[in-house]
Every structure is written in C-alpha cells, then in structure tokens.
Amino acid sequence: MKVTLDWLKEYVNFKLSAEEVAEKITLQGLEVDGITYVHYDFNGVFVGTITTVEAVADSDHLSRCQVDVGNRTLQVVCGAPNVRSGLKVPVAVDGALLPNNIRLKTSTIKGVASEGMICSAAELGISNQSDIVLELDNQIPDGLNLKEYLEKGEAVIEIDVTANRPDCLGVIGVAREVAVFSGSRVKKPEFNVRENSDQHVDELIKVVILNPENCPRYTARYIENVTIGPSPLWLAKRLEAVGIRSINNVVDITNFVMMETGQPLHAFDYDTIADGTIVVRNAKPDESFTTLDEVERKLDEESCMICDAQKPVALGGIMGGLNSEITGSTTRILLESAYFNPDNIRRTSKKMGLSTDSSQRFERGVDYDGVVYALNRATALFCELGGGVAAHGYVDNYPNKIEKTAISLRPSRLKQVLGIPIDIGRIEDILRSLEFDVNVVNDVIHVNVPSHRPDVSIEEDLIEEVARIYGYNNITGNISAVIKLDSRKNSIESFSQEVRDISTGIGYLEIVTNTLIQKSETRPFCVNEPIDIRNPLSEDLASLRSSLIPSALIVARWNLNRQNRSFKLFEIGNTFHWLVKGQQHEEQTKIVYLGTGNIREGIWAEPDKAIGFHDIKGDLELFCDRLNVRNVDFQDSSYSFFDHRQLDLTVDGARIGCLGSINRNIQKLFEIKNEIFVAELDFHELLKHKEWEKTYNSIPKFPSIFRDLSFLVDVDVPSKRIIAEIWQAGGEYLRSVKLYDLFTGKQIENNKKSLTFSLVYFSEERTLTEEEVDSSISQIIDSLKQKLNINLRT
Amino acid sequence: MDQSLNDIIQQLQDIRTQFEKEIEACSGAEVLEALRIKYLSKKGIISGYLALLGKVAPEERPLLGQQLNELKSLAQNLIAERVEGLQLSHRTHTFFDTSLPGIKPLYGRKHPLRVVQDEIKSIFTSMGFRIEMGPELESDYYNFEALNIPVNHPARDSHDTFYITDNLLLRTHTSPVQVRTMEKFKPPIRIIAPGRCFRKDAIDATHYPTFHQVEGLVVDEGINFADLKGIILAFAKKLLGEDIKIRFRPSYFPFTEPSAEYDFSCFKCGGTGCRICKGTGWIEISGAGMVHPAVFKYVDYDSEKYTGYAFGMGIERIAMLRYQIDDIRVFYENDLRFLQQF
C-alpha cells in the first residue's frame, strides 16, 4: 500500500516529514518498506494559458494557438481537438526534454512557426491519455515549471500492511494511525451529491440478494449524463503516485475512492444491465463467465455472482464483466458499493487464481459501515468531474445488519499479559484515539469496536491495541525472570551433537543440502515409493529425497566440477517415502558419509594414496566405537546403486545402514567420473543401540603376552573367517586379534595371500606362562589347518 | 701441609677457567680426546689433585672433595656435550629438511548454518530451554489450523506452501512444534525448536526453497510480554555482545496476540546507519508475541491461568549477517572453498 504525504494531509493535520511519519507508524505497527519521491521524466515544460486559437490554412485539424507562459507569449501549432481559448495547458518550450529522451525543437508546420508543444498527459508520462492535450487547473499560475509543481511534496510512503489491517488499505485508515500520534482527529472529506429530485433510484435500480451469507450488504446508485473523459491532473497525479495508472475519469474515481476509503467500488454501464435489476446469487453448476480481462472463467457453486435480470455481469468483489464495463460512450452508470463475505471472496479468488485490488480488500474485511460513504463519495465525484447527475437516493440492501463487536478489557488481564500495569485513564485515552467506543464500569473497560477494525475481536486484541500505542519499547524487558527449568532430557539432540563431533573429528566436512530433488535422482535409492510435490517450483526440485546419498552426490558433482577433487563429506538430514501411497508416509533421519579422491590431497607426504573402501569402513568402525555402539558387524548386501564393493552395517544383527562404492550407472546418472564411496546410516536405529552409560574396566595388573602368526591363504578366503576361527580356537586368555599385515606378490605363490595376525594374551588373575600361550597357538594352527586348510607361513 | 686450602681452591678455579677456555676453542674429535686425557685421565690434572685429598686436614676434606667433584663432573659433562654435538653435526651430511610443512591430519568442519544453530541452541539451553523437534513433512492442522490460520485465512498468502496432498505439506515454519509440544506436555514449557522449513520461493540471492528457523516457546503461570522482551534482549547480548539493543514493533501473526517484530541494533555500525542496516541502524530479525488464546484452546490449556510467549528467528539470516554472506545459495552449494572457511 502506497500513500503520499500530501494525500495524508487531506485528512489529518501534522507537520512531520515523510521520514518521521514512516518511523512513527512503523513503531505503531505499520511497517514502512521505503520512501520514494515522485519523479517525472521531463524538463522544460511550463504552465501556460491559451489566449487565441485560429485554424491553420490547408489543415482540417491543426490550430495556431497563442499561449501566455507568464513572461512571454508563444505561438504553438497543435492538432488536439480540445484546445480552446482560456484553457490552462502544459507547454514544452524549445529545448525541452520529454520522456524517452525526446528533445523538442522549434519547427515550422504547414508554413506556420511553432515555438513549442502543448502536451498531452501521455506525452508527459502522466497517464495514457494521448488524443487530447492535458487540461490543467485554472488556479495554477502561468509560467510555473510543471515538473517542480508536480514533484513538490510528493513523498510516497510504501507500507507493508499486515493481513489483519484492511483499514490501512485506504489512505484514511493510515491517516487514523497518523492522527493517534499527531494528537488530532481524522476529518473525512465532506461533499454534496448533485441529485435530480424528480428521479428516484428505486424506479431505476432494484437489488435482490439471494445469498446474504456471501453478500451481506449491497448498495447502489444511479448517475446519468456522465461524460467519459480524462481525469483532472490532480486525480491522475495522485493515482500515478501510488502506482495506479490513470485511465479515464470514471475508472479513476472508483480507484481513487477505493484508495481513499479502502472500499472497492464497481461502475457498470447502466444500459447493459437488463431491467435495471441486480441479482446477487451463487453461481450455478458449470456456469462460466468472461471477466474484464477477457478471460472466460469456470465458476463453482460457491462463487458469488452479480447478475442483472438475465445474465451475470460481475464476479462479485473480484472483477467486473466484459459485458457491462464502462466504455467511451457510456453516459449512465450503476455504481456498486458492497460488503462481501471475506472467506468467500478469498476462496473464489484462490480457486480462480485471480487476485485484484478489490479481492485483496474484501477478503480481509472492508468497513461494513463505510459502504454508503464510499458510494456517495464516488457519486459526488462523478457529478463534479464527469458532469453527471444522480438519481435521488440510493439502494441499500442490508438484510442482516452487522452489529459492532463488543469486548471487555480487564486492566488486571492487561497486566497479566504485558507484565506492566497501565493506568485505566491512559487505556481509555488510547482506545478513544483509535475511535473505539469506551465505557468504564467497575474498573472494567467495555468497548465497541469501530466497523473498520474487523481484526479486533477478543480481549487480547485490545491489549495489543493499547500496547502498540503505549509503545512496545516503553515496556521494559524483564531480564531477571526466574527460570523454571524444563529439564526433560532430549537424547536425540545430544546424540546428534555427538554424531557431528565425531564425524568432523575423523575428517568429514558437514554439508547441508536441499531436501527437494529431481525425481530421477532419488528413485534409484528408494525401495518404497518416493514422495512428489503437488505444486513444485520446478521439475528438478519436484520430489522429496528418499535417501541422503543423491544429495551428497550432487554436492560431490558440484565440487568435482570445480577442481575440488578430494574430500570427505557428511550430513544429518531427513528422508521421506510413502508407506502407502498418498496415505501413509514415513520421515526418517539419516546420516550420510561420502569420500572421494586422495587421503592426503595436496600434501607432500603420500599425495597419491586414494581413499578406499576400507577407509570408509574404518571410519564407520571408529565412529560406532566412539558413539559407544557395540556389536557392530558387516554383512554382504546387494544394493543396485553400489558395485561389488558393498556391505550392510549391522548392530546386534539389526541392519543400521550400508556402505559401498557407487556403480557406473549411478555415476552416469550424476555425471560423475570419479570413484566415490558412500555410507548411509539410520540415525534413530543407531541411537537405539547406543550405550549411554560408560563404566571403567580395570587395566590388567599382569603382563600381556604378544604373538604374531602369518598364514598363507587362498586370495578368496575372507579375513573375517580366519579371525573368527582364531577367536574360536584361541581359548579364554586370548584378548585381541588384529590383522596387521596383508601381503601378496612375487615372494608368494599365485592366488595366495599372506596374512599376519597379532595376538594378545593376558589373564586378570595371574601371569600367564609361555606354555599356556604356546598351547593356544598350536590349537589355533591346528584348527585353521583342519577347518580351512590354511597353513602357517614358513 | 705445604699449601693452604684456600690456595688449592684458588688453583682449582684457575684450572676450571683454563679448561673452559680450551674446550671452547676445541674444534675436532681428536683435540677433544687430547683434552680429556689432559684433564680427566688417571694421570690428568684433576686426578692429580685427588691425591691431595688424603693430605689435607680431615675437617677440610669435605669442602675440597666437593670442589674437586664439581670440577670433575663439569669437565666430564662439557666433554660429553661436545662429543655429542660433534656426532650430530657429522650426521647432517644427509640433509633433513625441517622446513617441510607439517603433515596435518584431516579435520572436518561444521557447516556455518549448523555453527550458528549450535550457538543459538547453546545460548538458549544455558537459559534453561530444552530442545524439541518436529517433522518436516507436516499436516495442515499443525502447520496452519491449530495455529489459528484456518483455510482461506489471508495470512496463508505469506506462506507459499509446497503441498503433497490436501492435508500433507512441507512445513512453512517451525511453529507447528509449539502445538505438538503443548499437546505432549503440561506447563511449565520452556523449549526451542530448531529445524528446517520450506517455502515455494523462486531461488535468488535471498530466497531458497528450504531454510532453517529456531522457534521458542515459554508457557507458564505469570509469563508476560516483559519476559519476552527480557529473553530476546538476553539472547541478543549473548549472541552479539553487551552493547546490542533491541527494538520491538507491533506486527501481526494469527497465533500470537499481541504480536511483534523484533530488530537488533546494527552490529556492523552500532546503530548509526550503514549498508548492512540500510541506513536505519536496525536489523530486522524475526517475529514474536504472546501465545494467542485460540492456540491454547486447540491444546486444551486454560488461557486465564496460563500465558506464554513464542518467538522465531531465521538461521540463514543470522548466519548471512554474521559472516557477511550476500547470497543464500552458497549455503546449499557446499563448495569446499566455502565450507573450509568455517
């Protein structure tokens, strides 16, 4: 909503600058987005009066005009039909600059010297009116620089009006807010409607409301003898300043009154209204209607239609119809001012995808008592500026009068909510300054809410009204409030912190990625049905990710394409899928790890050592260990997005996640050439297996005995089997088995590998003897020989 | 006894001075060995004096013995040091480049959005708040209706919502967690709810379809607007320093009444006006207010007995202001050159 400082001054007295007004209304709850100054894009145009007009010989339309521009008289040739002696006009003189960089020069037309140009509003960029010259107000003195005149004092304040304040979608509403801090009251313009007492409106207009729930009030007037023409400069200029194009006097007047009062109006060409009858009803099934914008719209049974005796003529409260609009030849007008049900307007507007200045006001709730004022105000202007005469009276069909909201405010409640007491007299003053009716009985403030404030309906609303005028910043913050601790523990939160601390600690960079993803990118990772957005922003953000792996791959691609070749990434995030399509969904929290490139990229020591499958596996093992998640194991898996290098991670036999190497198909899909290792774990499953308690294990008092064993094994025997066998055969004092060397190559026969294990023995009760350990070792060797046909390497 | 004890001690001093001079001048292993023989061998100078020990008066022996021992160990130590030094310098023939850069272990970093979120969380938890969470895929009921935003409410306009079905949507704010928490627990409630939200905004420098908020909610008997201002002020000071000021402006949210927007004094210019605060001296942070009685009704709280406040803030906004990031998209690109700065 834009208002100009001058326009505000029409209704309220104040002496503040636009900046000061902006600051004050902002602190009162009308947030100012910015202040701009009206700027006209021309120069060298002066006010002048045409003194004589003569026809130019050899021309059927050109006139030779003498124009008094104050200090001199210029001869100007002009082709506009409305030039006449005594007319006040804008004159662009030699050297003037007009919009679009047009520079004016003295010229000779049909042999007559022309020392300037009398301009139309379009030529000055004031409105679209281009067929006639702009007629200026007679009171403006000749010789005045028109640009300076137009720009003077026109500071435009743009307000971001919140959804609850439809009253401030009218300049008078904003003026009311200004009145509160300037200590004055708003004066609404006074006027007289020129009525023809011989003609009564009831003989000309009949209004029937068939759906009073959607249209509680409908008022109308009849005006005849109207001449459609350009608006006077003051009107065009005022509308242009707040961002509304000037069209013609009738349209401009309805827009002007809407901007002034917040009440949208609609003018019909009376001659198109069959029988002078207005029927307000809901649309019929499958009815359609062509609105002013020449779009044929399908209606539904809840849409509120304005009809005449035969046909619909407007989509009520939203847009007029093409069949009844004002045209250049309109002389008789049916003017509508109504109150429509906000919910209904909003529903229809949403459904049609049609939001207008009118619907925006009706859906927030216009001033139900202000309907007639706006009707009369516009009628008076039609008469004044369009030469019209109104029939006597107006139609006011208002079947169920809307009563003003009555609310009580207890000062004790105000103190309970705000934390400070405010004197009852001060509360009364504030509410009165906002035009509330106030009546105090037994220290309770009884209030009638003015009809322009539909947002105020409960006691808390009144408390806010008092507080915002009292000043939020005059309520001192209570910084020493006694804290009642909410000590219920959130284990999810602390687990998540731990996960992130450990992950960064083992070298992973945390990423935060978009939940929205392209369907083709999430599908390969989704066992269930992925969830699509019904109204996506674009095709590549049309699904919810069902796994974090594609999100991490997108980040990998981004970096690989930018010469960042080596990295380890992780993210904790949510994933989504349908359990029953369209009915039941699941939201899960996952942890993803991604590694690619070299472990020591850019470092001189071992620069080419690539991140491998076992690096990521080791990270997971360390990660689980640090999280105090025990009994971690890995099982063979068969994910279609990994190549042959892949595993499931299990805890106590339950599947927690997976890791593997991204296969060719996925690489192709994501346009990645590099080798990428990924792991994804289920956050909540992992959390279930976390041991929160830690207890101390005493350090062995007796010395340990260390032994190394090397075996020559077929390459395809998994090391895990051998380790399991060693544990099995090792006896009660075997405490640790670690593979510490893996060797293949020339020194050993083909298809064999050498594995060296480091074994640790100790007892908590005594020092072990060498013999005890030797016997365990020979059992291990025997067992491996027997069960796996594995021999000690000699 | 032909010499006095003093004389002997004086001689020992001289020997010491002489030894130090000689070892200082000595440059090779051979010379060093000669020096050792000269002073420390059985027939060396110091050994010569040891023979004197038996000849002095018994009461003088301890002092002389101590002096002799000191001299002897000094000589031994200095020679040993020299020998070691010579060996070391001998080894430098194979050059060891100590100037090579240190080999740093890989260390991850937290995402700047998470860093800021962690900081906000720790400030509030230090003030007795607990952390709550809610789903990102939310029902219309929790996201709108129970927050006093019925269907066809104009306030839905400012929430450009991604819908999955008629009733299932991506939450547009973290406020649904308010309702979920109040359904679960009775007062006192003192929580913050950080989380991800979604709005159907075209992507540009200040808009991204997913973003993060932190919601706050405190409900109990005797909670009021002054408390809300107090907590926001305390938060602002902890986040940005003692000098920060706050400003509350009346505003509108269907789920709070009275409602406010709150601003911080510009932490770049301190309030005098600069590019960051667009000359106003204030930086808009987010919304807050007293919980609307209609919301209490949905969760069956007695609004005559209990009052509460709620507030929100945008993580991206605070992170952008703090690190002077001018394009929200960099958070979601996750370029290494960006991540490694934090």
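This is a predicted model: local features need pLDDT of at least 70, side-chain atom pairs count only at pLDDT 80 or more; totals for chains, interfaces and linings use all residues.
A residue counts as buried when its relative accessible area is under 20%. That cut-off matters for strand 15 of chain A, which spans residues 265-269.

Five of the five residues of strand 15 of chain A are buried, so the strand is largely enclosed by the rest of the structure. In a regular strand, side chains alternate between the two faces of the sheet. Strand 15 of chain A has cover on both faces. A:Leu265, A:Ala267 and A:Asp269 are buried on one side. A:His266 and A:Phe268 are buried on the other. Strand 15 of chain A is joined by five bridges to strand 22 of chain A, residues 333-339, and the two run antiparallel. In this pairing A:Leu265 faces a residue of strand 22 of chain A, namely A:Ser337, which stands opposite.

Next come the open sheets. Strands of a sheet pair through backbone hydrogen bonds, either parallel or antiparallel. One open sheet in chain A has five strands in the order 13-16-19-20-21, and its pairing is mixed. Its edges are strand 13 (206-209) and strand 21 (319-320) of chain A. Each has a single partner strand, so one side of each is left without a neighbour in the sheet. A:Ala314 stands opposite A:Gly320 of strand 21 of chain A.

Another open sheet of chain A has seven strands. The order is 28-31-32-36-35-34-33, again with mixed pairing. Here strand 28 (509-510) and strand 33 (632-636) of chain A stand at the edges. Both have a single partner strand, so one side of each lacks a neighbour in the sheet. Strand 28 of chain A runs parallel to strand 31 of chain A, residues 567-580, and two bridges join them. Across that pairing, A:Glu510 stands opposite A:Phe570 in strand 31 of chain A.

Now the aromatic contacts. A search of the whole structure finds 37 aromatic pairs over all chains. One of them is A:Phe711 with A:Phe757, a tilted pair with 6.2 Å centre to centre and 55 degrees between the planes. The pair links distant parts of the chain, 46 residues apart. A:Phe711 belongs to strand 37 of chain A, residues 705-714, and A:Phe757 to strand 39 of chain A. What is the relative accessible area of A:Phe711? The value is 0%, so A:Phe711 is buried. A:Phe757 is also at 0% and counts as buried.

Ring pairs also build a cluster with residues from chains A and B. A:Tyr472 comes from chain A. From chain B come B:Phe124, B:Phe129, B:Phe225, B:Phe235, B:Phe248, B:Tyr262, B:Phe264, B:Tyr309 and B:Phe311.

Charges meet rings as well. The charged end of A:Arg735 sits over the ring of A:Phe762, at 4.7 Å from its centre. In chain B, the charged end of B:Arg180 sits over the ring of B:Tyr142, 4.1 Å from its centre.

On the surface, A:Trp604, B:Leu100 and B:Ile103 form a nonpolar patch. Together they have about 270 Å² of accessible area. B:Leu100 lies in the loop between helix 4 (61-91) and helix 5 (112-126) of chain B. Its relative accessible area is 37%, so B:Leu100 is partly exposed.

The backbone has some points to check too. B:Pro188 is in the loop between helix 7 (176-184) and strand 4 (189-198) of chain B. A cis bond also joins B:Glu257 and B:Pro258, with omega about -5 degrees. B:Pro258 sits in strand 7 of chain B, residues 256-265.

Two asparagines have positive phi. A:Asn751 has a phi of about 60 degrees although it is not a glycine. This residue lies in the loop between strand 38 (734-743) and strand 39 (752-761) of chain A. A:Asn751 is exposed, at 59% relative accessible area. For B:Asn148, phi is near 65 degrees. B:Asn148 is found in the loop between helix 6 (140-143) and strand 3 (168-170) of chain B. At 21% relative accessibility, B:Asn148 counts as partly exposed.

Conventions. Residues are numbered from 1 along each chain as its sequence is written. Chains are lettered from A and ligands numbered from 1 in the order in which they are written. Side-chain values use heavy atoms; hydrogens and water are left out. Two strands pair if DSSP finds at least two bridges between them. Helices (H or I, at least four residues) and strands (E, at least two) are DSSP runs, numbered from the N terminus. Buried means under 20% relative accessible area, exposed over 50%, partly exposed in between (1.4 Å probe, protein chains only). Patches are made of residues with over 30% relative accessible area and no salt bridge: like charges are joined within 9 Å, nonpolar side chains (Val, Leu, Ile, Met, Phe, Trp, Tyr) within 5 Å. Accessible areas come from the Shrake-Rupley method with a 1.4 Å probe; for residues, only the protein chains shown count as cover. A salt bridge is a side-chain nitrogen of Lys or Arg within 4 Å of a carboxyl oxygen of Asp or Glu. Rings of Phe, Tyr and Trp (its six-membered ring) pair if their centres lie within 6.5 Å; planes under 30 degrees apart count as stacked, over 60 as edge-to-face and the rest as tilted. A charge sits over a ring if NZ of Lys or CZ of Arg is within 6 Å of the ring centre and within 35 degrees of the ring normal.
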